[in-house]
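Open the structure in your viewer and get ready to select a few residues by number. We will go from ring to ring and then along a helix.

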Amino acid sequence: MSVPGVSVVVPTRDRPRQLGECLEALRRLDYPRERLQVIVVDDGGTADLGPTGDALLLRHERSAGPGAARNTGAAAADGELLAFTDDDCLPDRRWLLELTAAAAHGAAAGGRTVNALGSNPYAQASQHIQDLVYAHFNARPEAARFLASNNLALPRDAFLELGGFDAERFPAASEDRDLCDRWLASGRTLHYAPGAVVNHAHELDLAGFVRQHVAYGRGAARYQRARAERRSGRLRDDAAFHLDAALWRRTLALRPARRAAGMALLLGVWQAANLLGYGSERVSGLKRAARGTE
């Protein structure tokens, strides 16, 4: 079977244990080793990463964010396709085979993320939210609208032609939403491939959950501003998702009922944190505009 050459880019920062587990999962992939390159980008970390095997290791002297780290990896990549995952992700053995099949003919492809921390309610809630996002925006897998950067593959040349991730405008969140929007606006397509699975082990507590979704809200405000500038979409297109009663129907249908109640509570926390981040970023943007710095 002929398969394309793929460069897998993994950004990391001060998580050597998680990175080691991710690299071990990548070594177990059902993919020809001669067609696979693994690139680790240490984004300004201070921890000893430990052995990285035959992965190419690149370093940022100072942290510039995951989008910038992915761009650094892409610039050094040899593969026809780029594949992105995160250091706290464990791809299944068939992950790359499924992704590359879906990324044929110049499309970008993204797979399904599964929460690997079943006893952590905040990790469960974050995964549930992503599942809701994918159900809404990727209802037609062959015409997907959003693919997260921890499970994504696309042609390297097209990625570089678009300028990669906009790491300056999106240093911490929503850089993948922005890339997907620019990808679609360029006339290209996104494919959702649920058979391409990564297991996500992101430890969270309540404070971390809130911080995460405040950051996503801030990123969403920047994303909407970018879309308005390039006229690629409107706020109401995405606001419909947050107002969709299906979010609550799917959540309250979870079993057992106790799980549904807890998930519904965290769904409310998510909405509030997202709105807080969105509002604070809008205010900050207006202040920057008034000072002439934006």
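**A cluster of rings**

Begin by selecting Phe-84, Phe-159 and Phe-165, which ring pairs link into a cluster. Keep in mind that you are looking at a predicted model. Across the whole structure, a search finds 8 aromatic pairs. One of them joins Phe-84 and Phe-159: the ring centres are 5.5 Å apart, and with 50° between the planes the pair is tilted.

Phe-84 belongs to strand β4 (residues 81–84) and Phe-159 to helix α5 (residues 156–161), so the pair links distant parts of the chain, 75 residues apart.

**Arginines over rings**

Arg-70 lies over the face of Phe-165, 5.3 Å from the ring centre. For another such arrangement, select Trp-183 and Arg-188: here Arg-188 lies over the ring face of Trp-183, at 5.2 Å from the ring centre.

**Along a helix**

Next, select helix α7, residues 206–230. How far apart are its end C-alpha atoms? They are 36 Å apart, which agrees with the 36 Å that 25 residues should span at 1.5 Å a residue.

How values were computed
Residues are numbered from 1 along each chain as its sequence is written. This is a predicted model: local features need pLDDT of at least 70, side-chain atom pairs count only at pLDDT 80 or more; totals for chains, interfaces and linings use all residues. Side-chain values use heavy atoms; hydrogens and water are left out. Rings of Phe, Tyr and Trp (its six-membered ring) pair if their centres lie within 6.5 Å; planes under 30 degrees apart count as stacked, over 60 as edge-to-face and the rest as tilted. Helices (H or I, at least four residues) and strands (E, at least two) are DSSP runs, numbered from the N terminus. A charge sits over a ring if NZ of Lys or CZ of Arg is within 6 Å of the ring centre and within 35 degrees of the ring normal. The expected span of a helix is 1.5 Å times one less than its number of residues.
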